[in-house]
Every structure is written in C-alpha cells, then in structure tokens.
Amino acid sequence: MKGRLNKKEALNLLQNANLYELGEMAYEKKLQMHPEKITTFVVDRNINYTNVCCIDCDFCAFYRHGKDKDAYTLPFESIGKKIEELEAIGGTQILFQGGVNPKLKIEWYEELLSWISHNYPKITIHGFSAVEIAYIAKISKLSLKEVLQRLQAKGLFSIPGAGAEILSDRVRDEIAPNKCDTKTWLEVHREAHKIGMKSTATMMFGTVENDEEIIDHFDHLRNLQDETGGFRAFILWSFQSANTKLKIKHPEIKKQSSNRYLRLLALARLYLDNFKNLQSSWVTQGSLIGQLALKFGANDLGSTMMEENVVSAAGASYKMNQDEMIRLILSLGERPAKRNTAYEILEKFY
Ligand code: SF4
C-alpha cells in the first residue's frame, strides 16, 4: 500500500478485503509505528460520578433521571475512597465520566477537581467527554474554551473521546437526538487541543450506521489530527444492546461479530495513519479477541478496568487484571509495559 488511504480505497478495503490480509497490512503498519513491539496498558479506574442524565440516548442503559430511585451523584468522600483503592493497587489515572446532570454547573466541577488535585496529587484526571463539556458550557453560559481552561486550571489533564459514537448527524439523530452534533464534538476536542490539552477519540459501531458513515467518521478524526495533533489514541467498540431502548426501536440490529470488530480495527490502523496508539477493546470483545486485536493493529490494551459501569449496564461484563494482561501480551510474543495517561512507560514486564 502506497501513500495515504483515501475514502474510496478505505471503503473498498472495508467491504472487499480478505480479513487475514487486512490484518497483515494493519500489523505491518503497527510495527512501523511501534517497531519495539511494546504493548502497553494503564492501571486506572472508571469513576462514574453521576448517572443522572438529561440526554436520554437510546443506546444507553446506564443513565437515570433525577427522580429515579437509583439515581445518584457521588459525594466527594466516596470518590476519594475509590481513588485510595486505586492508589493501593498502583493505579495512576481516573477516567471520570458521568451523565449530563443538569444540576451540576461549572463551579461543582471546579470544586471537585480542586479537591482531588489537593488530596491525591499523584493521580491523573482524564475526564469529562465532549458531551459533558458542551453541556457545562451551555448551562454555565460560557464558551467551550472558557470551560476547558477553567477545568484545566483546576487539574483536568486530558479528555476522553466518549460521545463520538458515529460522527454523522444522520446517525446521531437516530440513536441520540439530544446529544451534541458532529461539529460540536469535534469543536470541543479542537478547543482542548488548542489550549494544550490532549484527548482521545472513539467510535461506537453496530447501530444504524452504514459503511460510508464509518469511513466519514475516520476521516473527521484524521483531519482534526492533521490540524492539531492532539489525539493520543483511538478506541472503537461495538454497541452493547442489553437493556437499551434502541434494541426495542430497532429489533433488526444484530450483535456485531468479532470478524467485524477486527476488520474495523485493522482499517482504523490503516486510515488513521496519524494516530500512534490504538486500543484493543477487550471489555466489549473478551480477552481472546482483545488479544487477537494486537495482531490487527492495536498496540495498547487500555485499562485494567478496576470498575466499569457503563457497558456492563448494557451487557458486557469481561474482566482482566494486570497479571492476566501481562500473560496475554507475552504469549503473543510482545512486550508488556505499564504506561501513564500520556503513554509514557512506567514499568516494563519483559
Ligand atoms: S450515553 Fe452518556 S449522554 Fe447518553 S444517556 Fe448515557 S450517560 Fe447520558
């Protein structure tokens, strides 16, 4: 393969390539970017600080409304306890994500970040998706840039790529009509990158998108990365349908095959030629496919997932600890290493 893939070539590969050959091409591309064959992972914890959400995405089984019996917003002390448990196992990062809670304005987030930074200075805060940031800006009557700068000043290190789903307004209108549109998702990340804050990018596939929309999604991300260089990694996972409204609305939606996952992962490695890191989504695919993903372009196993509440609410319940991850990486002939949020190696296991 010569030069950069264009959209037409990518579509052709997605629809017609032999999976084995596609995997080989992706693996070769990965080795060009990671010739030392190091596969990384991070020891972190998801903290879902609130499940109250006013966005009501049809594909989501996690959210509740404010008056629901099991609605919650965690008190700072509970968050602190979770961080202490994470520190006890050598964790370095918290992935902070929640619903879009209309009661929480910028001041609550500033106070929370200050409190964590003061009490747990060694912990890196990777948190608040573009959807949350856009909503904080709206209810606090601030620009995206102002919100990001204020949160950064209080200790927010980077933002996760959640909420991208498929960056197509046709798809978004169908599966999550109240969620920020494609332009806003990209704008939040652009503004973050401009103030020196890095982020990650994601894709959730397997709802109502078509192949062209998947390629458009990759293209939006590659273009923004060309412009800013601010994405650290790309992660894709398949829609988990249990307990979701979308499954009822669209009973024809089928569980996505491992074949489809690996095909999209390999294509992402080839198309997103300016993304150094691609994560394997073993949380939705299981450890076997999660491991195989390393042969289809992934160079990172993501998090050991001390706690996960969002995809598990929709049926995915795979678990893995650090020792299992190390074994799995070694058995594939690669070198395991623990990393931090910035993808710097902290500890080698080879
Ligand atoms: S995916 Fe996020 S924004 Fe959508 S309903 Fe669930 S918690 Fe709310």
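Student: Which residues does isoleucine 83 touch, not counting residues up to four places away in sequence?
Tutor: This is a predicted model, in which local features need pLDDT of at least 70, side-chain atom pairs count only at pLDDT 80 or more, and totals for chains, interfaces and linings use all residues. Residues are numbered from 1 along each chain as its sequence is written, and side-chain values use heavy atoms, with hydrogens and water left out. Contact means heavy atoms within 4.5 Å. By that criterion, isoleucine 83 touches Ile47, Ile94, Ile116, Tyr120 and Ile123.

Student: Is isoleucine 83 buried or exposed?
Tutor: Isoleucine 83 is found in helix H3 (residues 76-88); helices are DSSP runs of H or I with at least four residues, strands are runs of E with at least two, and both are numbered from the N terminus. Buried means under 20% relative accessible area, exposed over 50%, and partly exposed in between, with a 1.4 Å probe and protein chains only. The relative accessibility of isoleucine 83 is 0%, so the residue counts as buried.

Student: Which residues of the largest nonpolar core touch the most other members?
Tutor: A nonpolar core is a set of buried Ala, Val, Leu, Ile, Met, Phe, Trp, Tyr and Cys residues joined through side-chain atoms within 4.5 Å. Among the 109 residues of the largest one, the most other members are touched by Phe96, Leu151, Trp185 and Phe234.

Student: Why is the pair of phenylalanine 218 and phenylalanine 234 edge-to-face?
Tutor: Rings of Phe, Tyr and Trp (its six-membered ring) pair if their centres lie within 6.5 Å; planes under 30 degrees apart count as stacked, over 60 as edge-to-face and the rest as tilted. The whole structure holds 16 aromatic pairs. For phenylalanine 218 and phenylalanine 234 the centres are 5.9 Å apart and the planes at 80 degrees, so the pair is edge-to-face.

Student: How many residues apart in sequence are the parts that this pair ties together?
Tutor: Both phenylalanine 218 and phenylalanine 234 are buried. Phenylalanine 218 lies in helix H9 (residues 211-228) and phenylalanine 234 in strand S7 (residues 231-238), so the pair ties together parts whose separation in sequence is 16 residues.

Student: Which ring does the charged end of arginine 222 sit over?
Tutor: A charge sits over a ring if NZ of Lys or CZ of Arg is within 6 Å of the ring centre and within 35 degrees of the ring normal. For arginine 222 the distance to the centre is 3.8 Å, and the ring is that of tyrosine 271.
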